Amino acid sequence: MTTGAGVTVAVIDTGIFMTTQDLVGQWVYAPGRAPQEHVFLTPPVANGCSIPSTPADDVGHGTHVSGIIVAASTVAGAPPVGMAAIGP
């Protein structure tokens, strides 16, 4: 069994809750890029919608998708918290 060490995956979604137990230490910004470069909203932006400066998830979907991909797992030696992902 492999644990996906060294595999980079990009998730294009609503962002992530960056402090979620299962995701802490499982994600990084792209090397050489500032955090604000990872948030892509282009005009026209709906009235009342602000462009975020970090990829903080405001609806939970991106966190859910990211967790399915890379959440820490007991298979990879992590403590049993949260959930196990398909690519631990």
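I start with a cut-off: buried means under 20% relative accessible area, exposed means over 50%, and partly exposed lies in between. I note that this is a predicted model.

**Entry: I68.** I looked up I68 first. I found I68 in helix α1, which covers residues 61–70. Its relative accessibility is 35%, so I log I68 as partly exposed. I then checked I68 against D22. The two are 46 residues apart in sequence. Their C-alpha atoms are 9.9 Å apart in space.

**Entry: the buried side of α1.** Which residues are buried in α1? I list G62, T63, S66 and G67. I see that they share one side of α1, because they cover an arc of only 130° around the axis.

**Entry: S66.** I took S66 from helix α1 for a further look. Is S66 buried or exposed? I read a relative accessible area of 8%, so S66 is buried. I set aside its neighbours within four places in sequence. I then find S66 in contact with V11, I16, L23 and A71.

**Entry: the valine patch.** Which residues make the nonpolar patch of about 240 Å²? I note V7, V9 and V11. V11 is also one of the contacts of S66. I place V7 in the segment before α1. V7 has a relative accessible area of 58%, so I record V7 as exposed.

How values were computed. Residues numbered from 1 in each chain as written. Predicted model: local features only at pLDDT ≥ 70, side-chain atom pairs only at ≥ 80, totals over all residues. Heavy atoms only, no water. Helix = DSSP H or I, 4+ residues; strand = E, 2+ residues; numbered from the N terminus. Buried < 20%, exposed > 50% of the residue type's maximum accessible area, 1.4 Å probe, protein only. Arc of directions from axis to C-beta. Patch = residues over 30% accessible without salt bridge, like charges linked within 9 Å, V, L, I, M, F, W, Y side chains within 5 Å. Areas by Shrake-Rupley, 256 points an atom, 1.4 Å probe, with all protein chains shown as cover. Salt bridge = Lys/Arg side-chain N within 4 Å of Asp/Glu carboxyl O. Contact = heavy atoms within 4.5 Å.
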